[in-house]
Amino acid sequence: MDSSPKKTMWWIDVLIGTATGILSGFGIGGGTLLILWLTLFAGLNQLQAGGINLLYFVFSAVPALISHAKNKLIDKKILIFCIIGGIPSCIIASLIASQLDVTWLRKGFGVLLLFIGIKELFSPKQDTKK
Amino acid sequence: MKNKVKSVITGALAGLANGFFGAGGGLFLVPLLTRWIKIDERKAFATSVGIILPLSIISAIMYFMKGSINLLSALPFLIGGTVGGIISGHLFKKVPIHALRKIFALLILYGGIRALFGF
């Protein structure tokens with residue numbers, strides 16, 4: 001259960017949600033930033049923050065996706081096969097996550113962020129040929 | 001390797017991050033979609049949102065059943081997120097994606113260090 005009180009005011013949360021929502025719609029990691037806000041500043045643990053983020057993402061992704069689809073920016077074939085791969089693994093992972101110590105969950109998230117952060121920082125500009 | 005197989009593997013990695021951490025699926029998706037499957041950068045970002053949506057719905061249901069979601073705490077973020085999503089869809093074609101990625105990288109490095117060392 002959610003036991004720790006959230007330390008931020010609701011209208012600030014709305015603004016943060018709007019800002020990260022713009023980034024989430026871009027697919028640029030708004031959810032990751034929201035998790036950082038919730039864990040570092042709002043005092044929630046990784047599991048509580050993850051739960052809020054998952055629900056929030058559904059709300060911000062739908063309007064953004066409608067525009068992306070209109071702009072013909074969705075690769076449907078890739079989309080379908082990624083979803084096929086993703087569904088079983090997210091079910092298994094979320095079952096395991098609720099059994100794990102949240103401290104380790106947070107450290108795992110930290111490792112993932114450092115790894116991707118370094119790779120992204122040194123990535124070359126668009127290397128696709130098409 | 002065929003793109004279908006690569007896509008299934010890429011999706012599975014995103015699903016793991018999504019389920020374990022409640023975020024971060026896109027962190028795997030965009031780099032793999034652009035560098036491994038080699039689709040256009042802007043399409044990779046847009047498509048990644050579409051991939052994470054069903055995964056987030058499933059993970060959210062699982063988290064909710066385990067009692068890890070407090071709806072009252074979530075509400076302000078749901079309102080903000082919806083507004084942000086609408087703005088996002090309209091701005092997306094004009095945004096300098098590559099520059100944003102670099103800023104994002106710095107932010108997650110900061111977050112990673114704090115999450116890992118717990119201060």
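Q: What percentage of the 130 residues of chain A count as buried?
A: The share is 54%. A residue is buried if 20 or more other C-beta atoms lie within 10 Å of its own, exposed if 12 or fewer, and partly exposed in between, with C-beta atoms placed from the backbone. A word on the source: this is a predicted model, in which local features need pLDDT of at least 70 and side-chain atom pairs count only at pLDDT 80 or more, while totals for chains, interfaces and linings use all residues. Residues are numbered from 1 along each chain as its sequence is written, and chains are lettered from A and ligands numbered from 1 in the order in which they are written.

Q: Why is Ser56(B) called buried?
A: Ser56(B) has 27 other C-beta atoms within 10 Å, and the definition asks for 20 or more, so Ser56(B) is buried.

Q: Where does Ser56(B) lie?
A: Ser56(B) lies in helix H3 of chain B. Helices (H or I, at least four residues) and strands (E, at least two) are DSSP runs, numbered from the N terminus.

Q: How do you know that the span of H1(B) agrees with its number of residues?
A: The expected span of a helix is 1.5 Å times one less than its number of residues. H1(B) has 19 residues and should therefore span 27 Å, and its end C-alpha atoms are 27 Å apart, which agrees.

Q: What covers the buried residues of H1(B)?
A: The cover includes helices H3 (46-70), H4 (76-97) and H5 (102-121) of chain A, together with H2 and H3 of chain B. Among the residues covered are Ser7(B), Leu16(B) and Phe20(B).

Q: How many residues does each chain give to the contact, and which helix of chain B gives the largest share?
A: Chain B gives 91 residues and chain A gives 93. On the side of chain B that touches chain A, the largest share, 21 residues, comes from H3(B).

Q: What makes the residues on that side of chain B nonpolar, polar or charged, and how do they divide?
A: Ala, Val, Leu, Ile, Met, Phe, Trp, Tyr, Cys and Pro count as nonpolar, Asp, Glu, Lys and Arg as charged, and the others, Gly among them, as polar. By that rule the side divides into 49 nonpolar, 30 polar and twelve charged residues.

How values were computed: Two residues are in contact if their C-beta atoms, placed from the backbone, lie within 7 Å.
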